Structures are given as structure tokens and as C-alpha cells.
Amino acid sequence: MEDGYTKEEWKMVAETKKILDPKIKLTATCVRVPVFIGHSEAVNVEFEQPITVEEAHEILRSAPGCLVVDKHEPGGYVTPYECAGEDATYISRVREDATVEHGLSFWCVSDNLRKGAALNAVQIAECLINRKLISAKQKAA
């Protein structure tokens, strides 16, 4: 595109603003890499208030569909290879981001054939049904 960003990067920014907040400031770099399955993201987030790595772990561990695998040892994080065939989004390498106040950095991977595709639609429908916002159709007799 004219500004040097790709359509995929623009889409990531636009969808985030649409879902979270139009005023949110973000940038994205998207690179196609030769993997059969999986999306990977290196994420940096700046918060309004201080947050520790331990607090982030606790919040992420309680988030539906998220699994935290964050061991401070070689191989203590999940790669696209390990997430293939899994429904969860894996979060690893959570650490303080020293470049901003109240910042955290983390690594995130998921199976893009499941998460971000049909599985999301099913999970959203299940959530709406569980909250009684819609009702499931009755089976035909």
C-alpha cells in the first residue's frame, strides 16, 4: 500500500480498532513464513496502569481458550508446530517491556485452521446460547 504497510497489516489494525476501541494505537508487521499450520505473533502492549508478569499470567490463565506455557528454560514456549490440531491459543515468553511504561511483551501462537476460522464462529454461537442471547434451533422430528 502507499504507506508501506501490507493489506494484511492494515486488516489487523482495522479489525483490532473495530473490536476493541477505535482510538487504540497500534502497528503490525505481518510476514508470511513457510509453515503448514499456525499463526504466530510477537506482541507488545502498553497499559494505563502497572501490571506485573504474574498478574498477566493469572489473567491469561483464566481467559477461556488461552493456555499459558511460559517456562524460563530452553524450549519453554510453544511454537506453531506444537499448536497444530489444538483449539487453544498459547501464550509464552511474557515479560516486562522496558521500552514503555507499564508494558508487557509476549509470544502467542494458535492453529489458524481452527482459531480464527470456523472454530471462532462455533464458540461465539455457543457463548450467545449460554448467555441466553439467542436460542438453538430445535431438531427436526
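Biologist: Among contacts in the chain between residues at least 6 apart in sequence, what percentage join residues at least 24 apart? Then take Ser-105: where is Ser-105 found, and which residues does Ser-105 touch, not counting residues up to four places away in sequence?

Modeller: This is a predicted model. The answer to your opening point is 50%: that share of the contacts between residues at least 6 apart joins residues at least 24 apart. The chain has four helices and four strands. Along the sequence they run α-β-α-β-α-β-β-α. The C-alpha atoms fill a box of roughly 60 × 40 × 35 Å along the principal axes. Of the 141 residues, 23% count as buried. The accessible surface is about 11,100 Å², and carbon and sulfur atoms account for 56% of it.

Now Ser-105. Ser-105 is found in strand β4, residues 103-110. Its relative accessible area is 7%, so Ser-105 counts as buried, the cut-off being under 20%. Beyond its sequence neighbours, Ser-105 touches Val-43, Asn-44, Arg-93, Val-94, Arg-95 and Asp-97. One of these partners is also a polar one: the side chains of Ser-105 and Asn-44 are joined by a polar contact of 2.8 Å.

Val-43 and Val-94, both touched by Ser-105, belong to the largest nonpolar core, which has 11 residues in all. Leu-104, Phe-106 and Cys-108 are also among its members. The elements that give two or more residues to this core are α2 (53-62), β3 (89-96) and β4. A second, separate core of five residues includes Val-78, Cys-83, Ala-88 and Val-109. In soluble globular proteins, nonpolar side chains tend to be buried together.

Val-68 is another member of the largest core. Neighbours within four places aside, Val-68 is in contact with His-57, Leu-60, Arg-61 and Ile-91. Of these, Leu-60 and Ile-91 are listed in that core as well.

Back to Ser-105 and its partner Arg-93. Arg-93 sits in strand β3. Its phi is positive, about 55°, although Arg-93 is not a glycine. Most residues other than glycine have a negative phi. At 39% relative accessibility, Arg-93 is partly exposed. Lys-132 also has a positive phi, about 60°, without being a glycine. Lys-132 lies in the segment after α4 (118-130). With a relative accessible area of 72%, Lys-132 is exposed.

Technical notes: Residues numbered from 1 in each chain as written. Predicted model: local features only at pLDDT ≥ 70, side-chain atom pairs only at ≥ 80, totals over all residues. Heavy atoms only, no water. Buried < 20%, exposed > 50% of the residue type's maximum accessible area, 1.4 Å probe, protein only. Contact = heavy atoms within 4.5 Å. Areas by Shrake-Rupley, 256 points an atom, 1.4 Å probe, with all protein chains shown as cover. Polar contact = N/O pair within 3.5 Å; in protein donor to acceptor, adjacent residues only side chain to side chain. Core = buried A, V, L, I, M, F, W, Y, C linked by side-chain atoms within 4.5 Å.
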